[in-house]
Amino acid sequence: PQQLTQLRALCQQLDERVESVLNLIFKAGLEPIIIGGGHNNCLGIIRALSKHKNTPINAINFDPHADFRECEGRHSGNGFRYAYNEKHLNNYHVIGLHELKNNQAIITAMNEANFKFNSYQAIQVKREITLTQAINNALNCFDEAPLGVEVDLDSITGMPVSAYTCCGFSVSETEH
């Protein structure tokens, strides 16, 4: 328990560091492309852009995980939820959400926030919707607020990541 508390405090410090660096980038009038790090970094990025633009932002997450778990202390699985609770996230859409890798509490929380997703199963298994349609669905539900896009490498088949998958999208689909 003590290590868990320390890890969550360190993640919170990382949020603050990411936000302070992004503040400088936004103040310089630059549009960052952030490569690397963990998807826990989304909170610091969203905070910085939202504060810079003085409005909540929209986000698309290409990810098998919604990263919308309960706000029980900061970790990589709840950055978007914290951003939403802090009023920095206006609208959120997950493309490629894996129906078997997100529990009912996450789906319920997404529904309560009126956030949408197109699942991996709907796109790749059942073929109910194409990837292009899923992308257009996400873009069409957003207003003019700033937009952030996250691509989690966990969504790519065979990528050497912490949540390795044999059932994901190809590199070219991810590029699309």
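Predicted model: local features only at pLDDT ≥ 70, side-chain atom pairs only at ≥ 80, totals over all residues.
**Entry 1: positive phi**

I placed Asp67 in the loop between E1 and H3; helices (H or I, at least four residues) and strands (E, at least two) are DSSP runs, numbered from the N terminus. Phi of Asp67 is near 50°, a positive value in a residue other than glycine. I kept in mind that most residues other than glycine have a negative phi. Lys87, in the loop between H3 and strand E2 (89–97), also has a positive phi, near 70°, but Lys87 is exposed, with a relative accessible area of 63%. I also recorded Asn114, which follows H4 and has a positive phi near 65°.

**Entry 2: aromatic pairs**

I found 8 aromatic pairs in the structure; rings of Phe, Tyr and Trp (its six-membered ring) pair if their centres lie within 6.5 Å, and planes under 30 degrees apart count as stacked, over 60 as edge-to-face and the rest as tilted. One of them joins Phe68 and Tyr84 in a tilted arrangement, 6.0 Å centre to centre with 50° between the planes. Because Phe68 lies in the loop between strand E1 (57–62) and helix H3 (79–85) and Tyr84 in helix H3, this pair ties together parts that are 16 residues apart in sequence. Phe68 is buried at a relative accessible area of 1%, whereas Tyr84 is partly exposed at 29%.

Phe68 also pairs with Phe115, this time edge-to-face, at 5.7 Å centre to centre and 75° between the planes. Phe115 sits in the loop between helix H4 (104–112) and strand E3 (116–119), so its pair with Phe68 ties together parts that are 47 residues apart in sequence. Phe115 is buried, at 1% relative accessibility. I then saw that ring pairs link Phe68, Phe80, Tyr84, Tyr92 and Phe115 into a cluster.

**Entry 3: the nonpolar cores**

Of its 25 residues, Phe68, Phe80, Leu89, Tyr92 and Met110 touch the most other members. Helix H1 (2–27), helix H2 (42–53), E1, H3, E2 and H4 each supply at least two residues of this core, and the largest share, 5 residues, comes from H2. A second, separate core of 12 residues includes Ala122, Leu131, Ala134 and Phe142.

**Entry 4: helix H4**

Which residues of H4 are buried? I listed Ile106, Ile107, Ala109 and Met110. They cover an arc of only 160° around the axis, which puts them on the same side of H4; the arc is that of the directions from the helix axis to the C-beta atoms. What covers these buried residues includes H3, E2 and E3, while the face of H4 turned away from its buried side carries the exposed residues Gln104, Ala105 and Glu112. At the start of H4, I found a side-chain oxygen of Asn103 within 3.1 Å of the backbone nitrogen of Ala105.

**Entry 5: His93**

I found His93 in strand E2, and His93 is buried, with a relative accessible area of 3%. A polar contact of 2.8 Å joins the side chains of His93 and Asn118; such a contact is a pair of N or O atoms within 3.5 Å, where within protein one must be able to donate a hydrogen and the other to accept it, and residues adjacent in sequence count only if both atoms are side-chain atoms. Leaving aside neighbours within four places in sequence, I noted that His93 is in contact (heavy atoms within 4.5 Å) with residues including Ala59, Phe117, Ala134 and Cys141. His93 and Cys141 are 48 residues apart in sequence and 8.7 Å apart in space, C-alpha to C-alpha.

How values were computed: Residues numbered from 1 in each chain as written. Heavy atoms only, no water. Buried < 20%, exposed > 50% of the residue type's maximum accessible area, 1.4 Å probe, protein only. Core = buried A, V, L, I, M, F, W, Y, C linked by side-chain atoms within 4.5 Å.
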